[in-house]
Structures are given as C-alpha cells and as structure tokens.
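Welcome, and take a moment to bring the model into view. We will walk through it together, one piece at a time.

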Amino acid sequence: MAGSKASTPPKGKKGSVKEGIKGVMYGMAAHGHVTAALRTRMYLEHLFMFITLGDMLGVPVIPPYYSLRILPYAVPNIKSWKQRVFRERDFTDGVF
Amino acid sequence: MGLLNTPFLWVVITIAVYIVAYMAYGRWVDRKVWKVDAKRTTPAHMYMDGVEFFPVSRYVLWGYQFKSVAALGPILGPFIGIAFGWLPALLWIIAGNFFIGWLQDYGSLMLSVRKEGRSFGPITYEFTGAKGRRNLLAFVLFYLIIISATFIALIAAFWNAFGGTTFVPTIGVILAGVLCGQLLYRVKMNVFAVTAIGLLLVVFSIWLGIQIPVVLNFGVWNVVVWAALCAVILYFAAVLPTPTFIQPTNYLAFYPAYAAIILLLVGALASPLTNVPLAEPAFVGVWVTNFGPIWPILFVAIACGAISGWHSLVSSSSSAKQLDIETDALPVGGGAMLSEGLLALVSLAAYSVVAGLNPLGSSPTAWVSGSELLVAPLVGGRAVAGAVLSTFFGLVLIIYAITVQALVTRFFRLVAGETWSEGRFRILGNKHVSTFFSLGVSWLFAVTGSWWALWLYFGGANQLLAGLAIMLIAIYLAKSRALTRNYLIPGVFMIVTTLAALVYETYTFLNAFVQYVFLGNSGPLGSQTKPPVSGYPLAALTIDAVFVIVGVSLFAVGLSMSIRLFRSYRQSKAEARVRAPAAADGGDPAKEEE
C-alpha cells in the first residue's frame, strides 16, 4: 500500500528532510491517483464478491459449481467487504 | 529600487503573519479548542481496509491536500479584488486566512476525524436532519453549475487571448496525459520514464503552440465557439474512466502548474533586485463602479486564497480517512490552507505590477502579463523569453482551470446520479444526460460574457458553503462543550457577508432587467453581458432574468440552510448546558473529574 510505505519513520535529520520532500512530491503528484485507483479496485472487488457469494445471498449470478471453486479466494475478504459495503456513503464522499 | 515600491516587502510580511497563524494561533486552537491527542485512534487505524481508510504520512497528506485545494480560485480572485486597490485585497488575504480560512479547513478535517471519517453529507444529516441534507445537496448542485460556467467562460477567454498560442499546448497536455496513462497502465512502463516522456511532450507542445497559433475568425462569436470546444473536452473527461483521461492528464499537468508557482514566488521575492515596481494603486475606494461596495464584494471575490467552502468537502472526503494521528491535522488542514494563501499572495503580486489594470475592461489574462514581468528578468528578459513565458503562464492558467473543472463535471455527474437515481426525473441520473445537461447549462451561462458576475456568484456560493461548514463545526464543538466562539464569529460573519453579496449581485441583474423593461434604459443591461449576447436585447434580458433566478435560488437555499444550522447550534448549546460534561476530546472521564 502506498500510504504505509510513506508513513515509515525517516532516519536522522537529513533523512527526515529527504523523506519529507519525497512525501510532499508524491502527495502532490500521485497520491490522489493512487487513492482513485484503489477505489476502482474496491468496486471491482465488490463485484467479484457479489458474483462469488451471490448464490448464497439468494441472487444466483454464476452456477454454484464455479462459486464453490472460487470461494476459497473470496473468504479472506469477506470481513473487509462487509465493512465497506455496510459503510454509510454519501455524494460528498466522491469529491476526491 | 526601494523595498516599499515592490511586492517584496508585503510578500515577506504575509509569510511572517502566516507563520504566526500556524505556530501561535494554530497551536492554541489545537490545544484549547480541539484538545488533540496523538494517542487517540483515528479512522485511518480504526477502519483500516487499505482502500479508503489507511494511515498516510503528514507530508504526503499535506501535498495531497494542497494539490486538491489549490486551483484557479486564488489566482483569479485577486484580479477582481484589486479593483479596490492592492492593499484591501492583501489585508483580506492575510486576515481572512488568519482568522477563518485555515480554521475552516483544519476544523472540517478534525470534525470528520472525530465523526469516524464521515463526509459532510452524513454529518449535515446528523446535525440538521433529512431536510438539511437535501438543502446541502441542492446547494451543491447549484454551486457546481456556477463553478462550471465560470471556469468554462475563463478557459474560453484564455484560449481566445495570447495570440492563440495556448490552445495547441492545452491539447498537447491532454494528449500527452492520455498517452502517459496508456504507457503506465497498459504497457506497465516505469513511472519515471513515463513522466519524462510526458514532460518532453509538454515542452514540445508549448513550442508547437508558439509556432502554430490557433486563431478563430468568428469575431464576437469566438468565445462562444471556444466555450463549446471546452465543453466537449470536459464531456469526455467526465464520462471516460478516470485512469484513461483525468488521472494521467492531471498528473502531468501538476508539473508545469507548480513550477509556475515557484517561479512566481521567486520572481516576487526578487523584485527589488530585478526592479519590478508596484504599478497599481494601494487603495481605490470603498465603492467601485460596476462592482459595488467593498463589503461584501471583496470578501467573495477573493475566495480560495482567504477561505473556501470547497475545501471543507475535500478535507472531509479523503484526507480525514487517511490522517495518521490527530496532531497531523494542523499541518495537513491548516498548513495546506495557509500555503494556498501564498498562492493568492503571489497572484496578487503579479497583478499589482501591471499598470492600468481594470478588471471590467481588461481580461483576467493580466495574471500572465504580471507573471511575465516578475519572472522575465530572471530568465534573460522579456525580449528573449517573452513569448515562451506568455505561452507557458497562459497554459498554466488553463491547466488550473481545466483539471479542476474535469473533476467538478465528474462530481456533478455523481451527485446527479444520486439525486435522480429513481423517480420521474431518473433520466437525469444517466451519466451522459447529466453531463450533457450540466455542461449545456454552464456553457449557456458562460457565453453571456459576464464572467465577473459569475465569479461573484461562484465566490458567494463558495464562501456561503464555507460559512455553513464552519457552523457545522461550531455545532459539534457546542455538543462537545468546547470553546465555540473562534468558529461561531467567523461563521456568522461569512454567512452574513455572502448572503449580502448574493443579494447585491441579484439586485444588479434585477436592476438591469427593470431598467430595460419598465424605464427603457438599456445601459445596465449592456454592462451586465458582453458581445455577442449584449447585441441581442431579448437574449440579454433572458440571461438577466435567469441570473436573477439563480441569485434568488442560491440565497433562498443558503438562508434556509443557515437558519437550520443556527437552530441546531442553539439547541446543541442548550443541551450541552444541561447534559453531563463531555469535552471535545471525546469526554475522557479522568479529565472530566478534574
């Protein structure tokens, strides 16, 4: 994840200044785009989860055979998926 | 040349005042009002999902916040502001940011952090109910249309100026951006190589723009055609996937845009050495013909450099979800706003060295002339670098407008999608229809030519949004039994000022309408619009009537929202008085017992 890399504490005063400048440049030039790319991935993952688990939620999207085949890949993401889907969303979330 | 008759001295003084705002007032508010605690868990940690919620270093978040809030506002606002003289404009940039601007950005960020990373929509719902949120939605829709109209009008005016040298570079930046996106996402090329290729293409397109100027020959209809062309580009920006158009284009546009700010700051600080004197009067008067009274007009003309409501939406949208620790809120929210004040400051410096500036008569392209005057002596003089600097700074103006406008158009589409997702008007929720609708209306407003009136409406709506955001913050602080006066006083000031500005602007359009229809006097009607619209009295009259409706609607929605917020504030205060103590720090029982 881009953010966690940048939040690593810099070493020494010189290193701190260098990390600060790098962080500012990254924040100005690319961070918004990285966040937008992550959001796009999030929506695709939502779709993936829905396709996989739709059958179990009462909305059959693909045949259960395939659902069960890809279930092991979906299970680790169920918790974060639930958290994101249930989160209150609003038009003001889409500003940037 | 002395220090007093160049922009140097007041640039240095303003920087010093901003440092005091950050180091003294900022830290006081941090400690006494918000009682920030680095140990309290922020939403970035509480809900970390690696997608929307994740902690980011303060440097990255500052850069992101600054990039998100700095646009055309602080560059063009001072152009109207300087009609009253550079001194009042400067004082508002200093005092507005010191007492209100940074406080709002920082407060919005903190409010959202304390409210689990929620954005302003749900917070408005919590504090003012469903009607309040609907009011906000309506207000934001109006606001987006007005921003779009203003920016389209300005982009068209910029393409029409500078001898037509900026159109090719603009298209160059867009095409280079799209190419960079393909190289980055499809070819998976290294980001540094892609950036280098993109920047070389931008430099090439600037050169090409000087060699092949694009000049239209439609006379007074030039701006109408340019505005239509701009709307077409924005349409593609809004409907295409962001990684295809907006993302890479905005990424590439970042470099020339920020290089220009640094150049301008250096030029303003070096002005005593390069002998660039102040050419504008310090003070013109408290009433300027065609603009009106200094209060409230100046306070809405200079919006983003002093205070801007848009920032509250930005602060509560992404930044609050990624704030690592609470103590980072001051450098991120407050620091980014104070830095934006510097952008307004250097823009004011650029305008102040241009002689004979008349915001009504001349074009806002004067920023380019001023920038050229300040920077040219550093790069070999106007004779050597004049054409390149003029095209470069002209391109920068357009970049600031078009990159933000692409995001605004896209945002309108998202808001429209939510507003009209079902019901009789669901066709307006369709992404193509809503984009076409917003750009069509904006284009119609833009071609009236009265960009300054649109700017004042935009400023009024923007500052009113700021006032409303400050009141939301004050409500939260009242509920938390924290100090509210630092927010309440600026909130009331901004709401009263901006409602007054909206009334005045609506009056000017209404007056033009009444004068023409009932008294047969076409003078005011002619001054409210520009050719070609002003040549057709019926069209000008219709536009006037539409602007009256826009002004009345903005005022009504703003007033209704303000009343709800004031009621909610009063109620929160009353509840806080009778409730068990709870501090803004979340009500730590240990602290309450003290």
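Which residues line the second largest cavity? They are B:Ile174, B:Ile233, B:Leu234, B:Ala237, B:Phe245, B:Ile246, B:Thr249, B:Asn250, B:Ile402, B:Thr403 and B:Ala406. The elements that give two or more residues to this lining are α9 (222–239), α10 (246–269) and α16 of chain B. By class, the lining of the second largest cavity holds eight nonpolar, three polar and no charged residues, where Ala, Val, Leu, Ile, Met, Phe, Trp, Tyr, Cys and Pro count as nonpolar, Asp, Glu, Lys and Arg as charged, and the others, Gly among them, as polar. The space in the second largest cavity is about 60 Å³.

Before going further, a word on the ground rules. This is a predicted model, in which local features need pLDDT of at least 70 and side-chain atom pairs count only at pLDDT 80 or more, while totals for chains, interfaces and linings use all residues. Residues are numbered from 1 along each chain as its sequence is written, chains are lettered from A and ligands numbered from 1 in the order in which they are written, and side-chain values use heavy atoms, with hydrogens and water left out. Helices (H or I, at least four residues) and strands (E, at least two) are DSSP runs, numbered from the N terminus.

A cavity is a set of points, on a 1 Å grid over the protein atoms alone, where a 1.4 Å probe fits but cannot get out, and its lining residues have an atom within 4 Å of a point. A volume is the space filled by probe spheres set on the points, which are joined across faces, edges and corners. Searching the whole structure turns up five cavities of 30 Å³ or more. The largest cavity has a volume of about 140 Å³. Its lining has 18 residues, and B:Ala71, B:Phe151, B:Cys304, B:Trp310 and B:Val404 lie nearest its centre. At least two lining residues come from each of α3, α4 (73–81), α6 (120–160), α16 (382–419) and α18 (451–479) of chain B, and α6(B) gives the most, with three. This lining divides into 13 nonpolar, four polar and one charged.

Let us turn to how helices meet. The axes of α10(B) and α16(B) come within 9 Å and cross at roughly 140 degrees; axes are lines fitted to C-alpha atoms, for helices over the stretch in contact, and angles run from 0 to 180 degrees between N-to-C directions. That angle makes α10(B) oblique to α16(B) (angles under 35 degrees count as roughly parallel, over 145 as roughly antiparallel, 65 to 115 as roughly perpendicular and the rest as oblique). In α10(B), the residues in contact (heavy atoms within 4.5 Å) include B:Ile246 and B:Asn250, and their partners in α16(B) include B:Thr403 and B:Ala406. By class, this contact has 16 nonpolar, two polar and one charged residues.

Another pair involves α3(B), one of the helices that supply the lining of the largest cavity. Helix α3 (residues 58–69) of chain B packs against helix α14 (residues 329–352) of chain B at an angle of about 45 degrees, with their axes 9 Å apart. These two are therefore oblique to each other. Among the residues that meet are B:Trp62 and B:Phe66 in α3(B), and B:Pro331 and B:Val332 in α14(B). The contact divides into seven nonpolar, three polar and two charged.

Finally, two details of the backbone. B:Lys35 lies in the loop between α1 and α2 (43–46) of chain B, and its phi is near 50 degrees, a positive value in a residue other than glycine. The peptide bond from B:Trp295 to B:Pro296 is cis, with omega near 15 degrees, and B:Pro296 sits in helix α12 (residues 294–301) of chain B.

Terms used: On a 1 Å grid over the protein atoms alone, a cavity is a set of points where a 1.4 Å probe fits but cannot get out, and a pocket is an open set with protein on both sides within 12 Å along at least five of seven lines; lining residues have an atom within 4 Å of a point.
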